[in-house]
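Let's take a walk through some helix packing together. Have the structure open beside you as you read.

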Amino acid sequence: MATRVLCRRVCSLPGWRRSLTQGQHSHTKTREEISEQEESKNVSDHLDVSFQRGYKLYYNPSSYHVTRTSANSRSQMDSSEEEQFFSASFWQQSNHYSVSCSRHLSSSKNTLLDLALNRASETEAPSVSSYNRKPVTPDVKVDTRAFLKCRPEYAFLSLDLTQRPQPVEWVELLPRLQKVSVLRARMKPPDVLQFLLELSKLHPDKMPLLQSDQRFIMLLRYSVEHLRLFSELQLLEVLQSFVWLEIPSSHTMLEVYEAELSRRANQLTLHQLLLAADLWRCIGRQVPQFLQCLFESVHLYLGQVGVPELVQLLYIIGEGRHCPKDLICPIKQLLMRHLAQMHPEEVGTVCLGFFKAQTSLPAGAVTRIVDKALSVVTEMGDFAMVNVLKYLRFSYLFHRSWLEAMGREIPQRAHRMGVQGLMHVTLTCSALHYRNDSILTSIAERVPSLVPHCRSKDSSKLLWAFSTLGFLPAQSQSLYPSLTDALRQRKAEFQRYPEHLLTGLLGLAFVSQFPEDLVTLALSPEFVHLALRNSKLELKKDLFTLDAAVTLELPQWKGPRLSGELREEVAEMLWKFAQSDVCLKSEVLEAESALQDLLGGDKFVCKRMIMPHTRSIDLEIHLDPKGQPIPVNVLCPKQNPAMVPSSQSWEKINSGVTITDNLVAQLIKGKNSTELPPTTIAASSVGETPRQRLPPDEGGRMFDSVLDLTNDMIEALTKPSRSDRTHQDSVRQGIKDSVKIAVQISNRNHYCIQSQQLLGLHAMKRRHLKIAGYRVVELSHWEWSSMLRKSRAEKLAYLHCKIYDSL
């Protein structure tokens with residue numbers, strides 16, 4: 001009787017055992033299996049009926065022969081790689097076997113089930129047709145959840161991924177799968193849970209075989225059907241089994257579970273809420289709906305939040321990349337209360353949570369956190385130490401004692417750190433403008449050996465950070481070449497992250513390095529179009545800076561260039577910003593005014609961006625070979641009306657006399673003189689006759705009196721009558737023969753902190769000004785800021801020395 005019942009049910013689900021035979025796991029066939037195989041031959045007769053209310057199940061064992069990863073490493077995988085690896089569509093790709101099942105679930109509240117089990121997730125599975133990247137092998141294994149070992153209380157709030165159940169072999173679980181096929185609809189919620197827990201013990205290497213077994217897929221179906229019948233504890237146990245079963249994070253079945261847990265959030269304790277959030281993290285799925293319920297519930301449990309609850313909450317906040325604004329203040333208060341009791345790894349987790357959630361705290365609170373980290377820095381792991389540096393970078397807080405401690409710690413640890421950690425250390429030093437040669441040298445010695453493990457993000461940001469801090473290629477023979485090669489090896493990633501290529505190339509440009517193959521790629525029309533269209537960042541300015549740097553430093557360059565329209569657009573955008581920002585700063589206005597007084601007027605000082613690609617302004621002045629100022633206001637940008645030269649200023653430049661109607665009238669003493677056309681004075685035959693008579697006017701009348709004009713008078717009269725364009729050309733010719741001086745009003749953000757070492761962009765600007773023929777006169781912030789408080793006479797004396805000493 002049992003056999004007949006089984007056969008009647010099996011006719012709608014043929015092909016169960018393909019996973020066993022195709023998987024090369026032979027065993028003795030039972031009578032039920034033989035009967036099933038015989039009846040499955042007639043499946044085509046039932047397809048039309050089953051399609052009416054059924055769904056498709058797919059099977060292709062060749063689709064599952066993939067490299068395995070442990071649960072711990074899987075939780076740290078890049079999300080896009082994980083989605084590709086585990087997506088339902090990956091399970092089903094190239095599938096030539098599809099069978100229909102007429103069974104329809106009775107629960108109307110589980111309508112997402114068919115989507116969950118029978119079709120790919122269309123929203124989360126990434127497309128790999130246009131973007132293929134080689135996986136980056138990890139260089140150093142990092143335990144991102146080391147803080148969970150600090151206290152036993154974490155066992156109630158999280159899942160220890162290092163404590164996987166004792167592995168069980170495939171053959172030992174076959175009876176359990178057989179029992180699933182026998183019980184089917186008679187399974188109760190405890191039965192479903194028990195089967196899932198037992199199957200979760202399967203050896204990880206055999207997990208693909210289980211995932212392809214139709215009996216396992218059936219079990220998942222029944223877990224969803226019984227979802228609302230599970231108790232809260234059973235629901236959490238099911239979710240935990242999904243971690244060990246390595247259910248794909250993109251599987252839409254999990255949407256049903258998230259919705260159910262969100263519905264029950266007010267019935268869960270704080271510990272259960274935190275545990276559920278951690279289980280979702282271990283599965284690798286983003287669950288914003290559930291996290292919102294968690295955050296709303298936290299306000300009800302603030303009195304129960306101790307150190308482990310607070311740290312676990314901040315870990316969840318960081319992994320969810322969001323912290324509600326109304327939760328920041330309570331969390332800060334709890335943190336300040338419990339900070340002294342925290343272990344070193346917990347402090348690192350707190351910093352990482354705030355960093356990932358991009359959550360700012362007051363400077364005083366950040367200082368207290370870093371003070372605590374400093375007190376335990378020698379006991380702190382590398383990962384936690386790097387997390388403190390990340391949050392310092394985000395907060396833009398210069399903590400002298402901590403950075404000095406890094407000068408001692410990093411050289412001792414660099415040899416064992418991974419490239420990502422070293423990148424964050426260097427990037428933090430760069431962001432804070434902190435140059436420490438001990439730190440930079442130790443990292444520069446370590447990085448070349450890690451190139452095979454570099455993502456494009458790592459290599460580009462390392463190039464940017466080292467060059468920004470003025471660490472030159474001569475200081476490490478292998479650093480820049482190895483990182484440049486790392487960029488070449490990751491060219492495919494630029495299709496998705498074009499900003500990484502530009503970041504790396506700008507870093508190289510800061511130290512006058514221009515790998516022509518990569519520059520050609522970056523300035524190619526295809527890449528420019530990609531960068532401007534696909535990137536979430538504003539990359540026009542980066543492209544503009546790279547293009548101008550190549551033009552100045554590679555005069556023989558024959559490769560691609562940005563279009564003139566794009567260059568003009570970016571230059572105008574930068575100038576408009578400068579007008580509303582740096583041009584209005586008091587130190588700039590005071591220097592401009594004092595230089596005008598010193599040189600004799602506003603026409604001798606031009607405030608503009610000589611090198612717009614360096615994104616800063618200059619005060620430009622020109623001196624003739626004798627040291628006398630030459631008017632330069634013709635160079636001032638037209639966007640600023642205050643800088644457009646006036647007609648009066650140009651009259652002073654001309655050595656001739658300006659012809660006006662009144663002057664002509666006085667000279668010829670005739671009538672209707674104001675009606676004379678411009679052609680009444682000719683200078684074409686100046687040298688032929690000593691005297692010339694003015695021609696008659698257009699009306700044919702002759703003047704009553706005439707004025708004899710000598711050659712000298714004609715030359716004097718006609719010279720000013722040239723067009724403004726001719727005047728500007730002559731002025732520019734004078735400027736060309738002059739000494740061009742670019743006055744720089746620097747500030748502390750142009751330098752490494754407490755140093756006179758220029759940062760990379762500003763060092764490149766000085767180099768480019770010299771290439772363009774300028775002499776650079778700097779009004780350094782440590783000198784000019786003090787001069788602002790002194791008298792006008794002292795300022796003029798200071799500027800006189802600065803300008804003329806440069807000659």
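Let's begin with handedness: helices α10 and α13 make a left-handed crossing. Please keep in mind that this is a predicted model. To find the pair, look for α10 at residues 189–199 and α13 at residues 232–245. Their axes lie 9 Å apart, and the two helices pack at an angle of about 30 degrees. Angles under 35 degrees count as roughly parallel, so α10 is roughly parallel to α13.

Which residues bring α10 and α13 together? From α10 come P190, L193, L196, L197 and L199, and they meet Q234, E237, V238, S241, F242 and L245 in α13. Sorted by class, this contact has eight nonpolar residues, along with two polar and one charged.

As for the hand of the crossing, α25 passes α27 in a left-handed one.

On the α25 side, the contact is made by S456, K457, S460, L463, W464, S467 and T468. Facing them in the contact, α27 supplies H500, T503, G504, L506, G507, L508 and F510. How do the residues of this contact divide by class? The contact of α25 with α27 has five nonpolar, eight polar and one charged.

Note on methods
Residues are numbered from 1 along each chain as its sequence is written. This is a predicted model: local features need pLDDT of at least 70, side-chain atom pairs count only at pLDDT 80 or more; totals for chains, interfaces and linings use all residues. Side-chain values use heavy atoms; hydrogens and water are left out. Axes are lines fitted to C-alpha atoms, for helices over the stretch in contact, and angles run from 0 to 180 degrees between N-to-C directions. Helices (H or I, at least four residues) and strands (E, at least two) are DSSP runs, numbered from the N terminus. Angles under 35 degrees count as roughly parallel, over 145 as roughly antiparallel, 65 to 115 as roughly perpendicular and the rest as oblique. A crossing is left-handed if the near helix is turned anticlockwise from the far one by less than a right angle, and right-handed if clockwise. Contact means heavy atoms within 4.5 Å. Ala, Val, Leu, Ile, Met, Phe, Trp, Tyr, Cys and Pro count as nonpolar, Asp, Glu, Lys and Arg as charged, and the others, Gly among them, as polar.
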